[in-house]
Amino acid sequence: MSSLTEKDRPVVQLLLNTGTCPRCILRFCCVGSQVLYRHPCEDLMKELQEFLKNNQEKEDTVCLDGVDPPCKRIRLEHTEGPDDLNHNGVFQQIPSVNDGNAAMDSSAGKVCNVCLGILQECCEADFVKKVCQKVNSADYQFTSFVFSVSLPPQLSVRERAAWLGVKQEMRNLGLSLAKDDIVQLKEAYKWIIHPQLSEELGVPADGKSLFEVSVVFAHPETDEECHFLATACPDCFKPAKNKQSVFTRMAVIKALEKIKEEDFLKHFPCPPSRPKNLCDALEIQCNNGAVFVAGRYNKYSRNLPQTPWIIDGERKLESSVEELISEHLMAEFKADSFNFSSSGREDVDVRTLGNGRPFAIELVNPRRIRFTAEEMKRLQQAINNSSDKIQVRDLQLVTRSAIGRMKEGEEEKTKTYSALIWTDRAIQREDIAFLDDIKELKLDQKTPLRVLHRRPLAVRCRIIHTMRSEYIDEHHFRLHLKTQAGTYIKEFVHGDFGRTKPNIGSLLNRTADILELDVESVDVDWPPTLDN
């Protein structure tokens, strides 16, 4: 095996004798050749055996001179010393090189004492087919995939134990082995399984892919093998509501960083002993990155909230703008859930007219992700045909980053309203004509009483850019307003018990109230207008 050198021989011998699989041996010998890890375990075992045999023959031909230092074989066969402790605080004795064949015979078909079978059965063809069957049955659309794996927490413990054993053997030979030099288990696993998954699924593996295939491995002996860490470092293990065990991966890693080496050696054998069981794939899951759909909606009903109206668990109205739009998108994209957002919101009794209000919907974990422009048009028409309370336009797929332009408009852009106003005392046309001449009127608006339960108490400065009045009769007129986004129009009319100053009532020197309000335009140039 050309990737191994003379200095690797004692490491290979040590790990073989303690039940380590060939691929983990390559990891601890810091072999970085991805192709080598993809060789069958049986072939790698034969290559390791040949490697040890060839090096043994070379040693046997060396003539020992009294003035020369003893060869590595002699040093390996020395009797147990203070540095070779067992799991009661001393390293285990290292078997001789002559025991190599027996060690390999005993290793064949056994669960690896380091990876617990992750680099054995869990990356063979049968397991890959099992994963791909799960993926294909989920019926996702994808053109690439990213693979993630969650490993049992005690693998970090066994990895530490194996490293301590190998490090001591290297130290005996005057060499060193840094833990960071070892090829990580997850990395080696992906080297092996990526090409197999790619071939079986017919698409490439891509670290930037939005389609994720994840495997969660579990092992029945996790709590048993990690229990000593909870005794040594109790502050690292805190019960969590959503976790079945305190021995999470991060908690175990934190404890391993904290525990002293001598304390670790007293409680766990180095190298680690043979496990009783193989790792099991607890979950095989798929997840597609979110898809974002944007458009503009018109709301024609004065009895329809933007989002579900639920108070104290009781639903007040049967539907909402959000639901009327999202139910069609959820069905077509086959998503798990959705998140609705828009450029501002209107009250339940306010209509949104004109070119509509910009909105966006995040569709979480969609099975279908590819839609043509024509298919989006048909989807838009289906939404519009389903209800006379709303209409949507410019329905299109957008990126996550593009949604930021819609949110910017909530505070920065202008909005145009039409309000039907009542006054307690009779008015004439000349009484309201002066409103048309008012420009850039500054308001101080204290948080309205009607939204105080969901908005913090504050005084907000807002601007009425222009107003235009239309006289109707002695007690009614219509007011068209162009305002800064975020202005509370109802409160500007009736004053909200003096919380908005000035207001229409104070300007007219009489009591005023609002009977109807319509949003006529939301001046946010997003999403792009389509040819509908």
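**Exercise 1.** In this predicted model, identify the buried residues of helix 11 (residues 249–258) and determine how they are arranged around the helix axis.

*Solution.* 
1. Helix 11 buries Ala 251, Val 252, Ala 255 and Leu 256.
2. Viewed down the axis of helix 11, these buried residues fall within an arc of 135°, so they line one face of the helix.
3. On the face turned away from the buried side of helix 11 are the exposed residues Met 250 and Glu 257.
4. The cover over the buried residues of helix 11 includes helix 8 (154–172), helix 10 (222–232) and helix 12 (261–267).

**Exercise 2.** Classify the aromatic pair formed by Tyr 297 and Phe 359, and state whether each residue is buried or exposed.

*Solution.* 
1. The structure contains 13 aromatic pairs.
2. In the pair of Tyr 297 and Phe 359, the rings lie 6.1 Å apart, centre to centre, with 50° between the planes.
3. Tyr 297 belongs to strand 4 (residues 291–299) and Phe 359 to strand 8 (residues 351–364), so the pair ties together parts 62 residues apart in sequence.
4. Tyr 297 has 0% relative accessibility and counts as buried; Phe 359 is also buried, its relative accessible area being 0%.

**Exercise 3.** Which residues form one aromatic cluster, and where does the charged end of Arg 368 sit?

*Solution.* 
1. The cluster is formed by Phe 127, Phe 147, Tyr 189 and Phe 217.
2. The charged end of Arg 368 is placed over the ring of Phe 371, 3.9 Å from the ring centre.

Definitions and conventions
Residues are numbered from 1 along each chain as its sequence is written. This is a predicted model: local features need pLDDT of at least 70, side-chain atom pairs count only at pLDDT 80 or more; totals for chains, interfaces and linings use all residues. Side-chain values use heavy atoms; hydrogens and water are left out. Rings of Phe, Tyr and Trp (its six-membered ring) pair if their centres lie within 6.5 Å; planes under 30 degrees apart count as stacked, over 60 as edge-to-face and the rest as tilted. Helices (H or I, at least four residues) and strands (E, at least two) are DSSP runs, numbered from the N terminus. Buried means under 20% relative accessible area, exposed over 50%, partly exposed in between (1.4 Å probe, protein chains only). A charge sits over a ring if NZ of Lys or CZ of Arg is within 6 Å of the ring centre and within 35 degrees of the ring normal. The arc is that of the directions from the helix axis to the C-beta atoms. Contact means heavy atoms within 4.5 Å.
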